[in-house]
Amino acid sequence: MTCLHLLLTLVFAVSLGTPVEIQRPRGVPLTKKQFYEESKPFTCLDGSRTIPFDRVNDDYCDCKDGSDEPGTAACPNGSFHCTNAGYRPMFIPSSRINDGICDCCDTTDEYNSGAKCENTCKELGRKEREVLQKMAEITKEGFLLKQQLIEEAKKGREEKQGKVTDMQENKKQLEEKVEALRTVKEAAEQPEKEAKERHLKAWEGECSCKSIRLEKDKAKMAEAFLELDDNSDGFVSVSELQSHAELDPDADGTLTETEVQGLMGGAAQVDTSTFESVWTNIKDKYHSESQPEEPAPVETPPDEVKEPAVDNDSEPYPEDDISEEDDEDEDDEDDYHEDDDKVRVNIEKELSFDFGPDAEFTYMYSQCYELSTSEYIYRLCPFNRALWGREKNRPENNKYLVMKYEHGTGCWQGPNRSTTVKLTCGKETVVTSTSEPSRCEYLMEFTTPAVCQEPANTEPSPHGHEEL
Amino acid sequence: MAVISIERMGLLSVFFVCLFFSSAFAVDRGNFKTCDQSAFCKRQRAFKPGQSPYRALLETLELSDSRLTLQLINDNNKVHLLLELYRLQGNMTRVKINELKPLKPRFEVPDVLIAEPPTEPLSVLSKDDNGVVLSLGAESQRLIVSARPFRLDIMEGPEVLLSLNSRGLLAFEHLRLRKDTQAQPEGAEVKESVDGDQQQDEGKKDEDEESNKEEDGLWEETFKSHTDTKPNGPTSISLDFSLPGVEHVYGIPEHADDLKLKTTDGGDPYRLYNLDVFQYELYNPMALYGSIPVMLAHNTQRTMGIFWLNAAETWVDISSNTAGKTVFGKMLDFVQGSSEKPQTDVRWISESGIIDVFIMLGPKPSDVFSQYASLTGTQSFPPLASLGYHQCRWNYNDQEDVKSVDQGFDQHDIPYDFIWLDIEHADGKRYFTWDPHKFSQPKEMLQGLMDKKRKMVAIVDPHIKVDSGYKIHNEITSKDFYVKNKDGGNYEGWCWPGNSGYPDFTNPEMRAWWASMFAYDQYEGSMENLFTWNDMNEPSVFNGPEVTMHKDALHGKWEHRDIHNMYGLYVQMATAEGQIQRSGGAERPFVLTRAFFAGSQRFGAVWTGDNAAEWDHLKISIPMCLSLGLVGVSFCGADVGGFFKNPSTELLVRWYQTGAYQPFFRAHAHLDTTRREPWLFGPENTALIREAVRQRYALLPYWYQLFFQAYRTGMPVMRPLWVDYPKDTATFTIDDEFLIGSDLLVHPVTEEGSRGVTAYLPGAGEVWYDVHTFQKHNGAQNLYIPVTLSSIPVFQRGGSIIPRKDRVRRSSACMENDPYTLYVALSPKKFAEGKLYIDDGHSFNYDTKKEFIHRSLTFANNALTSSNLCPDCNFLTSSWIEKVLILGASKPSKVVLKMNGKETPVDFEFDSSMSVLTLRKPGMNAGDDWTLLLQ
């Protein structure tokens, strides 16, 4: 049976360097010392009962709240206080006392387990101070940069607001036309699902899920089926296929009904399951209705990013489906594409964003940030369909520390893709790490001066945090 | 994991992601055969009960001391069979039937029996032209061999316990030469189909024969583009068993079905064929990952078992003369004193091999368990840590991820012992290697876990990537250890790594080599806290027939057809052996397997494969593990949370609460699911899960002692109620609650939104104590228990003593030296008993050096006594007794500890509302002799 010392003598170094001994039961923080008086019976801190003092730390749990055993593992809900002189004090669950694992850097939790613990508090304290110092420097410089950003944003905003005012006249004239344009645009966005299917292709290059790659051809096939099935009746018919002249097998320029029937294996229509054989016949020639024939450049220069979607169909990947639709209808709607109008709409859009309390995030607008890992290139374009995160249990004033991108394209057998971006203070604006904790749920860490807080005046204490 | 790329599924899921997850989530039945699609099953099943064409040739009877042989002849085709009968020690009878002179040897299953079963003398009591009566030793048991038609009856006194071939379904397809390639054999061959089929006109049959040949699939069979060439032609066997007086049969796992087996009339038979079934369906007789061809029959008088030792594809038909009757109909029979005795008839059909049956005659359930254990061995005694909680996921992404999950458990103060790595940890699914980017420093990772007294399991599957840059592949190739295809080349199939070879685990040299690969200097990055998981060992072959290996593949001279169901057993056997060898025989192994066979219990743990996050899957985990426990495999569990799909928070919590009370307790999740570590569902749910896991850890001493008992005696750890209450018919079909050992009854909440459960508490005149409130309830009643989300209805049997370690720490190893609390639950007669087992928790020293403590704890006559059950054992523990709770006690005036001739008073408290007496800190060492007297 274990025999325990009731009291432990603790030695502290105060600022003057004079050793002072303070006696109290093992595991009790100084703040609670007054409840443990050796000369008196002990009353459980929840007041539930009073026991003789020799039952404090006697390795048997008498108090429901665990307060009679601050220095042993007897109580399931107890906690042990380690002073950790040189580093910072902490509480550990009493189940970690004498379990053979060193938890307190001052080794006080392992007094009877045989574990060979070394006092690492000084080292930890030193490292922590270094980190704090570094962080303070970064914060300081970052905060200066932030002030510049705020200044620039302010100027930019004023300029743009002026520009908008200048354009009010034009706007009035064009109002009717804009209204018409909006109708067209909304119509283009209507089949949301269809749009997602198109994004799928762009995702394949980046997604780390093996099944997507395995299913790449099937995904294309699925996409093609959806496109071909013009009347959405679940079947692709001869006439629906006939609209794709590029499939002409003899390349004589016309795709006859007979030729189509040949491609379809003699069937009048095919469903999703039988489409597979048809796909084999046509996939080499098939041109998607939505994709331009030349693949769009992966790098979309920021200044070409148009029309961030008004819905919150967030996409970490920029994809200009709207503008493509516009191109197709160019002849009819040329009038609406006057530069002024576009610029104005863009500026209005920009001005409508929440760029932070002092608009310090403005500079990220239309910018993209990349991180290359051994396997993939990750690309973050803030404010292109991003939302400020409103995580549970997060105070409102911290809402600018998380960005969320949700409802991305669906994963094969998985959820819709989503990305959480955590922002931390830094001198540079960079993506520092990415991970995929669950499949298709990405986590990015992103540093920016825009979240740097004004440094506190106090210099970090050269002695770290010590009791007394 | 299971196969992902099933045709069309990918396509459909792209279209209808939502739909796919709500309704279309089920097995693709078309990938697996029905009896009708399995040629031999169809042939055999077409053959109906009637008079058997087999006749015993009594003049050929030979009896040596314990072995009786006798020839049988099929009067239709004149083929002779050889019957062997053995009386085995421990009240068992073995019946073997083979061809007298087969064209070439037929496969007999090796390596499953732990030894040639010891026999007892048989003697002939009487013999005449009609048959022979043999004495089966004591207990007035006789074995009657009837000559014409041939049948066997085992009698005890005037009662028939069991009959063989009483329905005339013995059928033995003898080996033959193929007619279209060979000259007509002379004379003897009359028929080609099932040999026993006597019911059709001979001449007509012969004509039909030729035309039906292909259809019958005698020499070739095609299923979904896979052709099974059958160079040996038809080889199937069948035999029927009748069980008079039996209405309840159990066992023959693995099926996702109720505990009590159903009759199979009008449906498919229960199938035993180890298969990787993607998204299996519940409540049907389809085959799953493992097969144990053992059936238990039970009534209030007797429990018996039938062990059909055959590793080929097997189907089991069950019929009953009472199956269709309503309760009212049965009552009517009873009132009218009518009629037929209830009877269950069973028929076994296997594709190849011989008939080799062990009839275990009980009579008590525990007798059947020890009888079966004497044949195939007992549950291996696992390392204590493996009874703790296991955290798994496909996949923990990298070392950072492992570290942060490990820290998560500490941050949320939830204990765990093992973290698991699935296939993504290896370099391109090359097992025994590590991904060079994600797991570049495996030893560093393992050391980090070891520093916290925790362990890891990494997966090692039996499919080997065909890659000339892969050491394992090259060595297997150079040693010629791969399974061969029918043409003699290396068999190759598609699995996780792509094109893969399959080592021939039936070859003992191959197994020895495989075992040597687990040596620390071979398995780079491994350490002593790294253990192994064998998945996909059915074997799973993505592009093979029914997602498994072609039956005409070759293991030496035997076809895969012959050995299929034991491939997985061999994989686990070789892996466990490797783990033992790496420590020089000192340390116990821990290996989890998905595929299994009779005898697999000797090598580690089993889980129920790729289940789903659905309430029904939670429910089915109980009968699935109960069925396995009945046939030797005690170390069973289901993926907590469900493998496929995302569980609701309520389901996840309920699953933790259930899994905490099942033997193998591991959470696992599919790659496509969202993260579900226990702390991701808000503080309230984290607390609920923490509490469930802590209850598990507190009870580890009890679990450990039960596994020691299972290892020694074959008694299942997790049991149906009828095992302990064999005369209480109310218990016979219960499979929503279960016993752990004899002393804990668990009725987990497995219904969504449940506000209460009704638990049956068995035992007239007994009492049960709620382990959370200590409230006492009478036995033999249905008790309604209101529940909240925190409730786990568990009861301790009055009359039992359970040792617990109530100081739950972050892993089981951290609790090694902690003190015990004894929970003494008194029977109405103020009696209780229990056991305490202690050893080092991980080595074989308990076996090789008798280093353990085994104590009997008895409460009688107001005294609680600890006495030594193993006086010549030696083990020292620093654990002590910190507290004793006596439930159902009355208040004593004084409590005294008697030890080493000294008496010391012990402080106590008495709670009169619940009649709980708490003895404060008696303090004796757990290994000592002592008595606590209540005065």
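Modeller: A disulfide here is a pair of cysteine sulfur atoms within 2.5 Å. This is a predicted model, where local features need pLDDT of at least 70, side-chain atom pairs count only at pLDDT 80 or more, and totals for chains, interfaces and linings use all residues. Residues are numbered from 1 along each chain as its sequence is written, chains are lettered from A and ligands numbered from 1 in the order in which they are written, and side-chain values use heavy atoms, with hydrogens and water left out.

Biologist: How many disulfides over all chains?

Modeller: The search of the whole structure gives ten.

Biologist: And what is the pairing in chain B?

Modeller: With the bonded cysteines of chain B numbered in sequence order, the pairing is 1-2, 3-4, 5-6. One of the disulfides joins B:Cys870 and B:Cys873, with the sulfur atoms 1.9 Å apart. The angle about that S-S bond is 65 degrees, and the link of B:Cys870 and B:Cys873 is right-handed.

Biologist: Are B:Cys870 and B:Cys873 buried or exposed?

Modeller: Both B:Cys870 and B:Cys873 are buried. Buried means under 20% relative accessible area, exposed over 50%, and partly exposed in between (1.4 Å probe, protein chains only).

Biologist: Switching to chain A. What does the disulfide of A:Cys44 and A:Cys63 look like?

Modeller: The sulfur atoms of A:Cys44 and A:Cys63 are 2.0 Å apart. The torsion about their S-S bond is about -80 degrees, so this disulfide is left-handed. A:Cys44 lies in the loop between β3 (42–43) and β4 (50–51) of chain A, and A:Cys63 in the loop between β4 and β5 (79–82), so the pair ties together parts 19 residues apart in sequence. Helices (H or I, at least four residues) and strands (E, at least two) are DSSP runs, numbered from the N terminus.

Biologist: Which cysteine does A:Cys102 pair with?

Modeller: A:Cys102 is joined to A:Cys117, S to S 2.0 Å. Their torsion is about -90 degrees, so that disulfide is left-handed.
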